[in-house]
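This report describes selected features of the structure shown below. Please keep the sequence and the model in view while reading.

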Amino acid sequence: MTRKPPNSPDPAATPAGRPVAPGGSTTEPLDDDALFGRILARRSAAQDAGPDLGVLLDRWRRPAIYVIRRIQQSYRRGGEPDQEELFQDAAAKLIERGLDQFRGTTIDDSGAARSASARTFFLRIVKHTAIDHYRRHHEELAPASPDGDEPEATLPEIGQAVDKSRRAAEQREASETYWRAFERLRAEHPNEAAAWDLYHHQDMDDHDAVAKALGITVVNSYKRISRAQAHLRLYLLDADS
Amino acid sequence: MPPAVTPSRLERRIAALGGPSTKTILVAVGDSIRRPRDASSARPEETERALVALSPADVSAALRGVDTGSCRAALARAGEDAFEAAFAESSEDRALYASAALDGLSARDAAASMLAAGRHKLALMRGAGDGATATADLEASLTELSTELATVDAHGASIARRLTGINAERRAELGKLSEDLREEAWWYAARSEDDALLAVLGGEAAPGDASAALRADLSRSSAALAHGAGGRD
């Protein structure tokens with residue numbers, strides 16, 4: 001077993017994200033996964049991982065805000081003040097529960113395990129935090145249930161049930177319409193469909209990861225997703241007219 | 001050596017369309033009728049002379065020969081090319097796609113010109129005192145073509161959204177048309193002010209000052225899109 005030299009610097013005292021090279025000089029910053037690994041190691045050793053976490057969250061802020069903005073567009077709710085709040089919520093979830101849950105894999109829609117980067121893992125937390133927030137908000141805005149003082153008030157209950165059933169039917173129909181449009185995209189524009197599939201269906205909320213998976217540039221990933229979205233909206237509008 | 005005869009505007013237009021035939025004469029005449037102020041358009045005397053020279057039977061046959069299936073396919077391709085122009089990565093690519101899209105639209109525009117020329121021929125025949133029997137077949141062929149073109153145009157709204165990718169070119173073409181004919185030329189007119197439509201649908205631009213029609217498009221496509229883009233059902 002090798003001993004640490006007595007005068008070696010304490011890793012926690014170095015600038016976060018920078019490993020220390022032999023001789024004490026700092027080298028290139030650690031990449032996200034390496035830094036995340038160090039955070040996990042420090043936590044399991046009951047050491048302070050705060051500065052490293054701060055660096056990582058700072059790096060991930062921009063893609064996270066982008067993810068939040070997309071969810072806001074989908075739900076047509078929220079604004080800039082919400083974005084910071086949701087980012088903070090997601091960061092809190094990562095610290096409270098996510099760090100212990102990260103296994104370096106994610107489960108896709110078919111139930112298969114895929115390797116996942118730490119960043120993809122965090123962006124999934126961001127996405128689900130935002131979805132939960134706006135879903136909850138949507139339900140709060142839905143017609144209020146009748147007061148419990150009138151247990152025999154069956155008409156409002158029936159009305160609610162009918163309303164709930166109608167909403168469920170609309171959801172089903174919207175889902176079917178969406179998947180038909182996606183099938184058309186796959187048939188007519190397979191490259192765009194592949195990027196869209198990774199980005200949206202397989203929770204790869206990260207253009208770096210999509211680009212790597214498809215062997216294209218990050219710019220191309222943005223372009224393909226954008227073209228895919230335009231095609232899909234056009235198909236949905238075609239189906240609606 | 002005899003003096004060189006300068007071809008008339010109508011002759012030049014007919015030559016550009018592939019040489020004289022009943023079809024190209026009708027298209028050239030119709031173009032001139034629909035674009036009276038365009039510098040390349042023939043004068044009314046010239047177009048009338050050309051129409052009088054055509055027999056009603058030939059005009060009817062040409063109208064019945066319009067391939068509306070090809071016209072429909074050309075419009076759909078024009079929509080796809082205009083989409084590509086909107087998302088083109090270089091100005092050269094954009095110009096190529098825009099030019100191909102405009103070519104596709106010219107098929108539908110040519111059919112509109114043939115219809116306009118055919119109607120003018122009918123008016124000239126009636127003006128010359130031809131009775132219902134003499135004009136019946138021409139009238140019937142005009143009605144048939146109008147009906148078939150209406151089915152081609154049924155998907156106009158859908159194609160027009162894609163055509164916004166070449167709105168600058170469409171507005172230039174629209175400006176050449178006689179004002180009273182602009183609205184019916186939907187292939188140039190529909191959504192011709194919605195320049196940001198495809199960028200907004202693709203999420204590359206914010207709705208900002210989007211038109212009411214574009215806002216409606218966004219709203220109508222959002223619920224279903226959320227199942228893939230925002231939901232985790």
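## Basis of the report

Two residues are in contact when heavy atoms lie within 4.5 Å. The model is predicted, so local features need pLDDT of at least 70 and side-chain atom pairs count only at pLDDT 80 or more, whereas totals for chains, interfaces and linings use all residues. Residues are numbered from 1 along each chain as its sequence is written, chains are lettered from A and ligands numbered from 1 in the order in which they are written, and side-chain values use heavy atoms, with hydrogens and water left out.

## Chain B overall

Among contacts in chain B between residues at least 6 apart in sequence, 68% join residues at least 24 apart. The secondary structure of this chain consists of twelve helices and zero strands; helices (H or I, at least four residues) and strands (E, at least two) are DSSP runs, numbered from the N terminus.

Of the 233 residues in chain B, 45% are buried. Buried means under 20% relative accessible area, exposed over 50%, and partly exposed in between (1.4 Å probe, protein chains only). Chain B exposes about 11,200 Å², of which carbon and sulfur atoms supply 55%; accessible areas come from the Shrake-Rupley method with a 1.4 Å probe, and for residues only the protein chains shown count as cover.

## Helices H6 and H8 of chain A

Helix H6(A) spans residues 190–201, and its axis comes within 8 Å of that of H8(A), crossing at roughly 100 degrees. H6(A) is therefore roughly perpendicular to H8(A). Axes are lines fitted to C-alpha atoms, for helices over the stretch in contact, with angles from 0 to 180 degrees between N-to-C directions; under 35 degrees counts as roughly parallel, over 145 as roughly antiparallel, 65 to 115 as roughly perpendicular and the rest as oblique. Residues of H6(A) in this meeting include Trp196(A) and Tyr199(A), and those of H8(A) include Ile225(A) and Leu232(A).

H8(A), residues 218–240, also holds Tyr222(A), which is partly exposed because its relative accessibility is 42%. Together with Tyr66(A) and Val218(A), Tyr222(A) forms a nonpolar surface patch with about 250 Å² of accessible area. Patches are made of residues with over 30% relative accessible area and no salt bridge, like charges being joined within 9 Å and nonpolar side chains (Val, Leu, Ile, Met, Phe, Trp, Tyr) within 5 Å.

## Salt bridges

Side chains of opposite charge can pair when their charged atoms come close. A salt bridge is a side-chain nitrogen of Lys or Arg within 4 Å of a carboxyl oxygen of Asp or Glu, and the whole structure contains 30 of them over all chains. Arg42(A) and Asp52(A) form one, at 3.1 Å from N to O. This pair links distant parts of the chain, with Arg42(A) in helix H1(A) and Asp52(A) in helix H2(A), ten residues apart. Arg42(A) counts as buried at 6% relative accessibility, and Asp52(A) counts as buried at 1%. Arg186(A) and Glu183(A) form another salt bridge, at 2.9 Å from N to O; these two are separated by about one helical turn because they stand three residues apart in helix H5(A).

In chain B, Asp195(B) and Arg171(B) form a salt bridge whose closest N and O atoms are 2.8 Å apart. Asp195(B) lies in the loop between helices H10 and H11 of chain B, and Arg171(B), 24 residues away, lies in helix H9 of that chain. Asp195(B) is partly exposed, with a relative accessible area of 44%, and Arg171(B) counts as partly exposed at 29%. Salt bridges that share partners also join Asp240(A), Arg161(B), Arg191(B), Asp194(B), Asp217(B) and Arg220(B) into one network.
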